[in-house]
Amino acid sequence: MCTPTFQTYREQLTDILRESFKERKFAKLEADFKHLGGAHTDKKSSLDQVFRDVLLTDHVGDVKAVEDFITLSANAARNDLVSVTIPVILLGDVFDAVTLDQCEQLFTYVENNVAVWKEEVFFTPCKNNILRMCNDLLRRLSRSQNTVFCGRILLFLAKFFPFSERSGLNIVSEFNLENLTEYSTDGKNENLAGDSVETQLQIDYNLYCKFWALQDFFRNPNQCYNKVQWKTFVSHTSSVLAAFRGFKLEEPREGSSREKSEAMDVDELDEKNLLDPDKGAQHFFAKFLTNPKLLALQLSDSNFRRSVLVQFLIIFHYLPSQVKFKMDMYTLAQAQVDWIKETEAQVYRLLDETPPNGTKFSKSVQHMLQREEMWNNWKNEGCKEFQRPDPHPSDTGKAPSPQRKYKRLLGDSIKEATKHGKFYMGNPELTKLWNLCPDNLQACKGSDRNFLPSLESYLENPKDKNDPSYEWRALRLMARQSPHFFTLFNTPSYKVSDYLESVRKKIQKDRSEAKQEPMEEVLPVVEQMEADNDNFADEQEQIEADLLKTEQLTPEDKNNHKPNMITAEQLQELAPIIGADWKKLANKLGYRPDEILFFETENPTASAQCHAMLQIWFDDDMDASLDNLAYILEGLGMLESCDTVKKFIGNVD
């Protein structure tokens, strides 16, 4: 008995396949294939060819039949009746044999079955065939006329291949330099504003050339790293953005149905368009026309303006970004970076002003560019493969989980704290702060809480006696601490600063007299009040006399030493203790960064820098004192320095 030949298998399997497909029964095809005598490999290779023959002969014109036939071939491939690549090969044969309209209908089947092509049995053997099939389709399509179909093919490839697939990544960050924009370069300087535009805009040929010349920078941004090309780019960009600012688009007026649909919310408009595609549909152009006479109309088109402004944002996002494959010479100066930031803000403002829904569109673009930064970082890291975490990890090799630490009950913690006379607040920091002084009223009465200086110390050696804020504070202190506030003071020629100086001298005089008088005898309160009333006129005369004398005060009388001033020895001892923490203290004392930098450059060590800073603070600041310094150091947590200052204060007292 002779062995069946390839042609014999081909004839027999053709009849079997046609009968099985006619009844749409895969079980019949599988049973007849197994009952057919001969080697499995020979039958398998013959059935591969039979599938291709029957598809092109019988069903190439019927899209629904082609879909069912390819589904049958996929089942045959899963059961090892044909090669696993046969379903994709059949799709490629059909796409080569039918029209573009039928290709678009059939590609829906390919999109809907992306999960089938990603099965383990099909993905590895078929991925190259699918990529070749899609590339062949793209070569047949026109990028300008079949834009939607091209986009569907690219989206399918994005869904089919994983993110880390090298064939779908622009690893070395190359630009599509074949995308050229041709425009007229032989025109004359003329007015290109058409009569059909309501608001006439004077557009000369120079603006037209600058506008379309920017497309060359958009397709190849690396030109901007050249100094000469950068100046050209800046000049063209400024001219175009100035034209956009000078010709603002208005919001659609209410009235017509078209205007109402433009003013409608984007989601509501999309829903209506889905229900009735003939109403409210907007035309999409993959590439705009460059006729000079169309520029005025294009500037009044919101879609056109948005496309150009988004191109500006994309190139502004790319130029200062860190890209792995950028050359070392592709860097920007600080002035260029500042110009990009300033111009980018202008572009966003123009997007906000472009109707409809300008603000919403601007925020969407900004969000997408932020996400683009994440993809850029992923690409710089080598496009690592994304791995989903296993929802059910195996227990083998898993480290034993640590024992749960026993947490003390809240009631036990409160009882323990109460036992020791303390409070437990549930938080370590709050507990520490609250237990510094459990008696709140006693803490408020503490001497360290008294931040109000005495009137005598405040009036001595003020920084600027003519400062209104100083005069206001001095009068407030006088009202609280001295009866001199209630003396007659209504002479128009007297200044407040002179009045305060006379009060200061009066207080010094009273203090010196109080030291000289014996303290054994104290007049009763009533007798003292009578004495004050009898001497009221004399006191007023004395005050007026003192006020007149203040004009001849010497600088030494007006600038007495401050209370609790630090000595040179104390400052020499305190500066090394503060040490490297002097910058934190300088910020608290109100010094600016440039002043801190001055201290660093003028002094070699941290101790010398701290010494210079504190010396200037005590000399210039009217509020500088050891008490204030101790309070500030304690607030900053510099406890060792605070204790040293308090020791100085105790020695003074």
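This is a predicted model: local features need pLDDT of at least 70, side-chain atom pairs count only at pLDDT 80 or more; totals for chains, interfaces and linings use all residues.

Student: At what angle do helix α6 and helix α8 pack, and how far apart are their axes?

Tutor: Helix α6, covering residues 100-112, packs against helix α8, covering residues 120-140, at an angle of about 150°, and their axes are 12 Å apart. By the cut-off, α6 and α8 are therefore roughly antiparallel to each other. Their crossing is left-handed, and the contact is made by L100, C103, F107 and V110 on the α6 side, together with M133, C134, L137 and R140 on the α8 side.

Student: How do α4 and α6 cross?

Tutor: Here the axes come within 10 Å and cross at roughly 30°, so α4 and α6 are roughly parallel to each other. The crossing in which α4 passes α6 is right-handed, and V63, V66, E67, I70 and T71 of α4 make the contact with Q105, L106 and Y109 of α6.

Student: Where is D62 found, and is D62 buried or partly exposed?

Tutor: D62 lies in the loop between α3 (40-59) and α4 (63-78). Buried means under 20% relative accessible area and exposed means over 50%, so D62, at 41% relative accessibility, counts as partly exposed. Although D62 and Q102 are 40 residues apart along the chain, their C-alpha atoms are separated by 9.0 Å.

Student: Which residues have the most contacts inside the largest nonpolar core?

Tutor: The general idea is that nonpolar side chains tend to be buried together in soluble globular proteins. In this model the largest nonpolar core has 55 residues, and those with the most contacts inside it are F51, L91, F95, F107, W117, I130 and F156. Taking W117 as a case, and leaving aside its neighbours within four places in sequence, its contacts include I70, P87, L91, Y109, F122, I130 and F160. A second, separate core has 39 residues, among them Y225, L309, V310 and V365.

Student: How many disulfides does the structure hold, and are C150 and C610 buried or exposed?

Tutor: The structure holds zero disulfides. With the same cut-off of under 20%, C150 counts as buried because its relative accessibility is 6%, and C610 is likewise buried because its relative accessible area is 0%.

Methods. Residues are numbered from 1 along each chain as its sequence is written. Side-chain values use heavy atoms; hydrogens and water are left out. A disulfide is a pair of cysteine sulfur atoms within 2.5 Å. Buried means under 20% relative accessible area, exposed over 50%, partly exposed in between (1.4 Å probe, protein chains only). A nonpolar core is a set of buried Ala, Val, Leu, Ile, Met, Phe, Trp, Tyr and Cys residues joined through side-chain atoms within 4.5 Å. Contact means heavy atoms within 4.5 Å. Axes are lines fitted to C-alpha atoms, for helices over the stretch in contact, and angles run from 0 to 180 degrees between N-to-C directions. Helices (H or I, at least four residues) and strands (E, at least two) are DSSP runs, numbered from the N terminus. Angles under 35 degrees count as roughly parallel, over 145 as roughly antiparallel, 65 to 115 as roughly perpendicular and the rest as oblique. A crossing is left-handed if the near helix is turned anticlockwise from the far one by less than a right angle, and right-handed if clockwise.
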